[in-house]
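The exercises below are to be worked with the sequence and the model side by side. Each task is followed by its solution.

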Amino acid sequence: MADKSTAELRAELDALRTRLSALIDIVEIKLDSLDERERRLKELQEQMTQAAQAAKEKIKLDVGGSLFATSKATLLTFANSFFHAMLSSKEFTPDPQDGAYFIDRNPKYFGMILDFMRSGQIDLEELGQKDLRQLRDDADFYQLDALAAILETVHHEEKDRNAAAERAGVASNIAAIDSILEKM
């Protein structure tokens, strides 16, 4: 068996280096993937810990006969609100039979109010003027000043749009009358 030449050995060494480099790249990609999975797992574990803590502090609310459940933290999101007063009051206690706090209000918008308290955001696109007024009444009742301010801004924007549309309609009517008078 003939010995390999230096050139052949160098070529084999270069091929091995290329394969080794490719394997290192694959291992680094897999390590990055594992790091990302580990990061996501830690995030998920943190979310689960928070959810478990919130579940321990779950509050049931009976709003006008509809049951809602949320965390104590959600209800305490906005200082000086109805909910702060409710949870700190010795007089306002949950019903001993079902464990729910009773609130004598229409439940129609209460889910939206809870979502606002959770996220600080609210989607008002599907609501008409009557709905917005009722939601504003609820925001005032629950003393949610941030929500009331948003609804007040929306109300003023709507008034401005209506006034502009009314002015445009009047201008159009005047133009039509002028046109008729010119033809006479």
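Two strands pair if DSSP finds at least two bridges between them. Helices (H or I, at least four residues) and strands (E, at least two) are DSSP runs, numbered from the N terminus. The model is a predicted one, in which local features need pLDDT of at least 70 and side-chain atom pairs count only at pLDDT 80 or more, while totals for chains, interfaces and linings use all residues. Residues are numbered from 1 along each chain as its sequence is written, and side-chain values use heavy atoms, with hydrogens and water left out.

**Exercise 1. List the elements of the chain in order.**

Step 1. The chain holds 6 helices and 3 strands.
Step 2. Read from the N terminus, they follow the pattern α-β-β-α-α-β-α-α-α.

**Exercise 2. Work out the strand order of the sheet and find what packs on it.**

Step 1. The 3 strands make an open sheet with mixed pairing, in the order 2-1-3.
Step 2. Strand 2 (66-71) and strand 3 (100-103) are the edges; each has a single partner strand, so one side of each lacks a neighbour in the sheet.
Step 3. On average, neighbouring strands are turned by 30° against each other, direction ignored. Axes here are lines fitted to C-alpha atoms, for helices over the stretch in contact, and angles run from 0 to 180 degrees between N-to-C directions.
Step 4. Strand 1 (residues 58-63) and strand 2 run antiparallel and are joined by 6 bridges. Ile59 has Thr70 as its bridge partner in strand 2.
Step 5. Helix 4 (residues 110-119) packs on this sheet and touches strand 1 and strand 2. The direction of helix 4 makes about 5° with that of strand 2.

**Exercise 3. Describe the setting of Phe68: is this residue buried or exposed, and which residues is it in contact with?**

Step 1. Phe68 lies in strand 2.
Step 2. Its relative accessible area is 19%. Buried means under 20%, exposed over 50%, partly exposed in between (1.4 Å probe, protein chains only), so Phe68 is buried.
Step 3. Contact means heavy atoms within 4.5 Å. Leaving aside neighbours within four places in sequence, Phe68 is in contact with Ile59, Lys60, Leu61, Val63, Pro107, Phe110, Gly111 and Leu114.
Step 4. Phe68 and Leu114 are 46 residues apart along the chain, and their C-alpha atoms are separated by 9.1 Å.

**Exercise 4. Identify the residues that touch the most other members of the largest nonpolar core.**

Step 1. A nonpolar core is a set of buried Ala, Val, Leu, Ile, Met, Phe, Trp, Tyr and Cys residues joined through side-chain atoms within 4.5 Å.
Step 2. The largest such core has 27 residues, and those touching the most other members are Leu61, Leu75, Phe83, Met86, Ile103, Phe110 and Tyr142.
Step 3. Two or more residues each come from strand 1, helix 3 (82-88), strand 3, helix 4, helix 5 (129-141) and helix 6 (145-183). Helix 4 gives the largest share, 5 residues.
Step 4. Not counting residues up to four places away in sequence, Met86 touches Leu61, Leu75, Phe92, Tyr101 and Ile103.

**Exercise 5. Locate the buried residues of helix 5.**

Step 1. They are Asp131, Leu132, Leu135, Asp138 and Ala139.
Step 2. Down the helix axis they fall within an arc of 120°, so they line one face of helix 5. The arc is that of the directions from the helix axis to the C-beta atoms.
Step 3. Asp138 has 5% relative accessibility. Beyond residues up to four places away in sequence, Asp138 touches Arg105, Asn106, Tyr109 and Ile113.
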